[in-house]
Amino acid sequence: MRILCVVGARPNFMKIAPIIHEIRRHPDLTPILVHTGQHYDASMSDAFFRDLDIPEPDAHLRVGSGSHAAQTAGVMIAFEPVLSQQAPDVVVVVGDVNSTLACALVAAKLGVPVAHVEAGLRSRDRTMPEEINRLATDAIADILLTPSEDADANLRSEGVAPERIRRVGNVMIDTLVQQRARATPPSLWHEAGLAEGRYLYVTMHRPANVDTPEMLGHFLGIFGEIQRRVPVVWPLHPRTRARLAEFGLMDSARQWPGLVLGEPLPYRESLWLMASSAGVITDSGGVQEETTALGIPCLTARPNTERPITVTHGTNTLVGSDRERILCEVAAILDGRGKRGRTPPLWDGHAAERIIAALRELVPACRAARQSPAPAHAPRANGEPG
Ligand code: UD1
């Protein structure tokens, strides 16, 4: 079986790495890796290939940044000939970025089975581009590989036939388990004199939080307040750095000695900072999960999450952008009253093994079904009318 795996943006790398490594353990499986180039800076892409031992891609589409339409269309146009040439048995897409949807669409239209890893997550907030990508990818995917029970329930309520859903657990936690002992302090750890459990770690890059001067200035004011008590360490995503400069906020960000700004960090250094912190403030999806797996309290600066299990089982608390709420939760964390949770089922470091088992089971059936399409008026496999 030839398994084509797609990566494009930073959060994809930690999900694809364990899958590629698992495929390589099976002599009868061939991995094909395609990098769309949605993220292209060394710190947003190459560093992750290095840290996570991801092999050189078989094809690099070098699509780069752009509007949603331009980026999604650019990936589609560049991916189509690569897919035709590689002729895989299945295309594996992960997560919810523009590259995920673009490659799923191309594969579905060329009649190649699509497996979606991290299927079924829903924030029910269609103002988020990722929610559109999740809905659309799941609607056209053949094999839906979910991280948690809530995801299964979402898919079933949307009419997806249960035989196309497999709960495999959280593949990003495979990477965390593999890399935990190899986490290393970044240079800013020494430069800023950080100490275990005595700082907060911040990641923030969602358009809703950083794309207006009011909102970005609002969060900056909150971090300015917190840094009076403990250092706040904030590696800047390129989008956030660009907005701080564009809105003239960089000087006020630099005025506080306890606000430690930095470049985007490689995986192992980010993992070190997260695992050693008192707590985390984030708007990232992946960081909500990683903090739950590490048992580190997490305040999510969003009104909703597509990962509710991190709230019900894990260490996550949704705080939106409410200044008083955030300061109150931070005080609780610093006083040792931060939320403690437990690791959700199947977040155990073995999701990639279950993904490969599911592909072995379901891909042959998908391919057979493609060769004998359903009659025009028969119900479709997902339970919708024909
Ligand atoms: C994308 C994903 C988001 C994910 C995030 C993680 C979509 C819709 N969004 O958002 O879900 O959480 O990645 O990082 O797919 N840029 C660089 N260098 C890079 C990449 C981007 O400088 O290597 C800059 C560009 O100016 C670009 C901006 O960052 O315009 C945003 O990048 P883009 O890929 O459009 O979206 P993200 O905000 O990174």
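Student: Why is Val177 called partly exposed?

Tutor: Its relative accessible area is 46%. Buried means under 20% relative accessible area, exposed means over 50%, and partly exposed covers what lies in between, with a 1.4 Å probe and protein chains only. The value for Val177 falls in between, so the residue is partly exposed. The model is a predicted one, in which local features need pLDDT of at least 70 and side-chain atom pairs count only at pLDDT 80 or more, while totals for chains, interfaces and linings use all residues. Residues are numbered from 1 along each chain as its sequence is written, and side-chain values use heavy atoms, with hydrogens and water left out.

Student: In which helix is Val177 found, and how far is Val177 from Gly349 in space?

Tutor: Val177 belongs to helix α7, residues 171-179. Helices are DSSP runs of H or I with at least four residues, strands are runs of E with at least two, and both are numbered from the N terminus. Val177 and Gly349 are separated by 172 residues in sequence, yet their C-alpha atoms are 5.7 Å apart.

Student: How do you know whether Arg206 is buried or exposed?

Tutor: Its relative accessibility is 13%, so Arg206 counts as buried. Arg206 is in the loop between β8 (200-203) and α9 (207-210). Not counting residues up to four places away in sequence, Arg206 touches Met128, Glu130, Asp283, Ser284, Gly285 and Arg302.

Student: What class does Arg241 receive from its relative accessible area?

Tutor: A relative accessible area of 27% makes Arg241 partly exposed. Arg241 is part of helix α11, residues 238-246. With neighbours within four places in sequence set aside, its contacts are Leu236, Met250, Arg254, Gly262 and Glu263. Thr127, by contrast, is 23 Å from Arg241, C-alpha to C-alpha, at a sequence distance of 114 residues.

Student: How do you know that the radius of gyration of the chain agrees with a compact globule?

Tutor: A compact globule of 386 residues would have a radius of gyration near 21 Å, and the chain has 21 Å, so the two agree. The radius is taken over C-alpha atoms, and the globule rule is 2.2 Å times the number of residues to the power 0.38. Along the principal axes, the C-alpha atoms fill a box of roughly 65 × 40 × 35 Å.

Student: What share of the 386 residues is buried, and how many helices and strands are there?

Tutor: Buried residues make up 56% of the chain, which has 17 helices and 13 strands. Among contacts with a separation of 6 or more, 70% join residues 24 or more positions apart.

Student: What makes Phe13, Phe48 and Phe49 an aromatic cluster?

Tutor: The criterion is a pairing of rings: those of Phe, Tyr and Trp (its six-membered ring) pair if their centres lie within 6.5 Å, with planes under 30 degrees apart counted as stacked, over 60 as edge-to-face and the rest as tilted. Phe13, Phe48 and Phe49 form one such cluster, and the whole structure holds six aromatic pairs.

Key. Contact means heavy atoms within 4.5 Å.
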